[in-house]
Amino acid sequence: MVGQQMPAFDDDVWELYDGSKDWTQFHNLAQEMPEKLHELQRLFLIEAVKYNVLPLDDRQTERIDPTTAGRPSLVKGDSQIFFAGMGRLSENSVISIKNKSFSITADIDVKAD
């Protein structure tokens, strides 16, 4: 996902499948039904405008990281406290340590036995 050159959207090849008969999407109908493909392309653009998704953005890695993408993050700061009994923590619920120097400090109680 990093460093690859994405083709321009104008160079993308549209495909068309009949999901009710060809669930494997093996037989591309775009050449056989160009009018249907054009109709669906037009509908796609209408809906994209309606739901404010233009311009399309094909950046992948950049969009995953909220900071790089310019989105607010749920986790701020440079320290975090965890407590006993906390369950699985997803990647987006803890401070990101990717590509950063970091240290971990733990206060633990060790019983004599």
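Colleague: Is Asn52 buried or exposed?

Modeller: Asn52 counts as exposed, because its relative accessibility is 64% and the cut-off for exposed is over 50%. Please keep in mind that this is a predicted model.

Colleague: Where is Asn52 placed?

Modeller: Asn52 sits in the loop between α1 and α2, just after α1.

Colleague: And what is the phi of Asn52?

Modeller: The phi of Asn52 is near 55°, which is a positive value in a residue other than glycine. Most residues other than glycine have a negative phi.

Colleague: What about the phi of Gln25?

Modeller: Gln25 also has a positive phi, near 55°, and is a residue other than glycine. Gln25 belongs to the segment before α1. With a relative accessibility of 51%, Gln25 counts as exposed.

Colleague: Let us step back. How many helices and strands does the protein chain have?

Modeller: The protein chain has three helices and zero strands. Along the sequence, the pattern reads α-α-α.

Colleague: What is the radius of gyration of the protein chain?

Modeller: The radius of gyration is 24 Å, whereas a compact globule of 113 residues would have a value near 13 Å. The C-alpha trace spans about 75 × 30 × 30 Å along its principal axes.

Colleague: What share of the residues counts as buried?

Modeller: Of the 113 residues in the protein chain, 6% count as buried.

Colleague: New topic. How many aromatic pairs does the structure hold?

Modeller: There is one aromatic pair in the structure. Trp14 and Phe44 form it in an edge-to-face arrangement, with 5.7 Å from centre to centre and 75° between the planes.

Colleague: Why would that pair be of interest for the fold?

Modeller: Trp14 is in the segment before α1 (34-50) and Phe44 is in helix α1, so the pair ties together parts that are 30 residues apart in sequence. Trp14 is partly exposed, at 38% relative accessibility. Phe44 is partly exposed as well, at 36%.

Colleague: Which residues line the second largest pocket?

Modeller: Trp14 and Phe44 are among them, together with Phe9, Asp10, Asp12, Gln41, Leu45 and Leu56. By class, that lining has five nonpolar, one polar and two charged residues. The second largest pocket holds about 200 Å³ of space.

Colleague: And what is the volume of the largest pocket?

Modeller: The largest pocket has a volume of about 1300 Å³. Its lining consists of 32 residues, and Gln80, Val94, Ile95, Ser96 and Ile97 lie nearest the centre. The elements giving two or more residues to this lining are α2 (61-64) and α3 (66-69).

Colleague: How does the lining of the largest pocket divide by class?

Modeller: It has 13 nonpolar, twelve polar and seven charged residues.

Colleague: Last one: how far apart are the C-alpha atoms of Gln5 and Glu62?

Modeller: They are separated by 13 Å, although Gln5 and Glu62 are 57 residues apart along the chain. Gln5 is in the segment before α1 and is exposed, with a relative accessible area of 75%.

Note on methods: Residues are numbered from 1 along each chain as its sequence is written. This is a predicted model: local features need pLDDT of at least 70, side-chain atom pairs count only at pLDDT 80 or more; totals for chains, interfaces and linings use all residues. Side-chain values use heavy atoms; hydrogens and water are left out. On a 1 Å grid over the protein atoms alone, a cavity is a set of points where a 1.4 Å probe fits but cannot get out, and a pocket is an open set with protein on both sides within 12 Å along at least five of seven lines; lining residues have an atom within 4 Å of a point. Grid points are joined across faces, edges and corners, and a volume is the space filled by probe spheres set on the points. Helices (H or I, at least four residues) and strands (E, at least two) are DSSP runs, numbered from the N terminus. Ala, Val, Leu, Ile, Met, Phe, Trp, Tyr, Cys and Pro count as nonpolar, Asp, Glu, Lys and Arg as charged, and the others, Gly among them, as polar. Rings of Phe, Tyr and Trp (its six-membered ring) pair if their centres lie within 6.5 Å; planes under 30 degrees apart count as stacked, over 60 as edge-to-face and the rest as tilted. Buried means under 20% relative accessible area, exposed over 50%, partly exposed in between (1.4 Å probe, protein chains only). The radius of gyration is taken over C-alpha atoms; the globule rule is 2.2 Å times the number of residues to the power 0.38.
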